[in-house]
Amino acid sequence: MNIFSKPYSRRRFLAGTTSLAALYAAGKFVPLRALAQSLPNDPRIDKQPIVDKGYALVRKIGNGVYATVSDRSKGLQTRSNGGFIVGRDGALLIEGFQTPIGASFQADALRMVSQVPVHAAIDTHWHFDHTLGNSFYIDKGWPVWAHPKAAGYLKEKYTRWHAETLDAFLAPWEKRVTEAKTDSLREHAKSDVEGVRSLYEPNGDYPMALPTHPLDPAKMPMKVDLGGLSVEIENFVGHTDTDLIIRVPDQNIVYMGDLLVNAQYPTNINGYPTSWRATLANIAKFDKDTLFVPGHGQICGMETLAVMRAVFDDIAEQAEKLYKAGVAVEEATERYVVPAKYKDFRQFSWGFCIGRTIEQFYAEWSGKPVHVLNYF
Ligand SMILES: [Zn+2]
């Protein structure tokens with residue numbers, strides 16, 4: 001609409017300026033986070049969830065395509081998002097969540113809409129909040145698919161962590177809080193203690209069940225025909241080196257795992273920021289009406305992908321200025337300033353979202369290994 005294309009009456013002028021003012025106000029004064037919490041206005045999405053347990057709800061977002069969206073403020077049974085895809089002959093479940101209760105909730109939701117056999121459950125990557133509920137699927141006799149490295153990471157890391165007490169596990173992180181010389185260092189270090197605690201605590205609550213079927217990245221995109229509904233699984237590097245995305249190409253719907261999060265800083269515990277940014281640039285070339293189920297946060301579209309890329313750009317730009325000014329990496333990881341527009345974005349913790357990302361940029365730019373903190 002171009003309201004200025006013809007001579008206009010005063011009335012039209014007023015109507016035009018009012019709507020422009022409203023748009024301007026929306027852009028300027030509604031916080032990004034508030035916009036990010038609202039469901040996209042997309043005809044594919046059913047406004048009414050099929051089930052809502054508080055900690056997660058399940059909503060239809062396409063023809064045979066459902067999203068499980070978690071609300072961590074009401075419980076951590078699922079913690080991550082997920083969903084399921086249902087064809088004439090079979091269904092795929094996405095994510096093992098943080099507990100078998102979460103996986104069971106999702107399986108029950110599937111049975112509310114279909115009785116077709118479960119073809120497989122897929123872990124988008126190896127992290128605890130996407131895998132620790134796998135035992136529920138395995139007990140049902142359903143295969144659990146994942147990247148070939150996922151099972152090894154789960155076994156090695158979580159077994160080792162669980163061999164330590166929580167106190168011992170937190171000790172080096174708490175030491176950083178005690179030794180912090182400024183308020184800001186102390187706050188950042190405290191956020192890391194809380195992040196590390198939230199990594200440790202779910203481990204050992206339920207039997208760990210490893211993915212049963214490794215999917216070979218060399219054979220991707222991998223097509224799965226569910227009967228009248230075709231799914232493609234692709235491998236990207238970014239949030240981890242085990243990331244899988246699940247696409248429903250005919251409907252432009254993509255389950256992103258933690259490669260995409262909504263209204264949050266990217267969690268970079270085990271990530272590769274430069275590859276991650278390249279992955280997001282690739283995905284930005286998907287159809288402009290693509291609907292995403294992010295790993296955490298509300299269902300979203302391309303504009304949210306653009307915001308996530310802008311957050312990465314901002315971290316990289318600030319880090320580059322510090323690098324060029326000769327600021328040491330230990331200081332640079334603490335000096336990043338969260339822009340006002342992202343101030344309400346959740347951070348898993350300072351170190352895991354910002355510190356390690358800056359550390360990795362420094363390592364790339366200097367061509368030398370840089371090591372500030374232990375990040376598992
Ligand atoms: Zn993750």
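## T290 and its surroundings

T290 touches R44, N252, V254, C300, G301 and M302, leaving aside residues up to four places away in sequence, where contact means heavy atoms within 4.5 Å. This is a predicted model, in which local features need pLDDT of at least 70 and side-chain atom pairs count only at pLDDT 80 or more, while totals for chains, interfaces and linings use all residues. Residues are numbered from 1 along each chain as its sequence is written, and side-chain values use heavy atoms, with hydrogens and water left out.

T290 is found in the loop between α9 (273-283) and β13 (291-296); helices (H or I, at least four residues) and strands (E, at least two) are DSSP runs numbered from the N terminus. With a relative accessible area of 4%, T290 is buried, a term that means under 20% relative accessible area, with exposed meaning over 50% and partly exposed lying in between (1.4 Å probe, protein chains only). A polar atom of the T290 side chain lies 2.6 Å from the backbone oxygen of D287.

## The open sheet and its edges

Eight strands form an open sheet in the order β1-β2-β3-β4-β5-β6-β7-β8, with mixed pairing; two strands pair if DSSP finds at least two bridges between them. Because β1 (51-52) and β8 (213-214) stand at the edges, each with a single partner strand, one side of each is left without a neighbour in the sheet. The strands β1 and β2 run antiparallel and are joined by two bridges, and V51 stands opposite V58 in β2.

## Strand β4

Five of the five residues of strand β4 (residues 82-86) are buried, so β4 is largely enclosed by the rest of the structure. In a regular strand the side chains alternate between the two faces of the sheet. Both faces of β4 are covered, with G82, F84 and V86 buried on one side and G83 and I85 buried on the other.

Four bridges join β3 to β4 in an antiparallel arrangement, and G82 in β4 is the bridge partner of T68. Strand β5 (residues 91-94) also runs antiparallel to β4 and is joined to β4 by four bridges, with V86 standing opposite A91 in β5. The strands β4 and β5 form a hairpin with four residues between them.

## The largest pocket

The largest pocket has a volume of about 600 Å³. On a 1 Å grid over the protein atoms alone, a pocket is an open set of points with protein on both sides within 12 Å along at least five of seven lines, whereas a cavity is a set of points where a 1.4 Å probe fits but cannot get out; lining residues have an atom within 4 Å of a point. Grid points are joined across faces, edges and corners, and a volume is the space filled by probe spheres set on the points.

The pocket is lined by 32 residues, of which S70, R72, Q264, H296 and G297 lie nearest its centre. The elements that give two or more residues to this lining are α2 (32-37), β2 (56-62), β3 (65-70), α4 (128-131) and β12 (253-261), and β2 provides the largest share, three residues. By class, the lining has nine nonpolar, 13 polar and ten charged residues, where Ala, Val, Leu, Ile, Met, Phe, Trp, Tyr, Cys and Pro count as nonpolar, Asp, Glu, Lys and Arg as charged, and the others, Gly among them, as polar.

Conventions: Polar contact = N/O pair within 3.5 Å; in protein donor to acceptor, adjacent residues only side chain to side chain.
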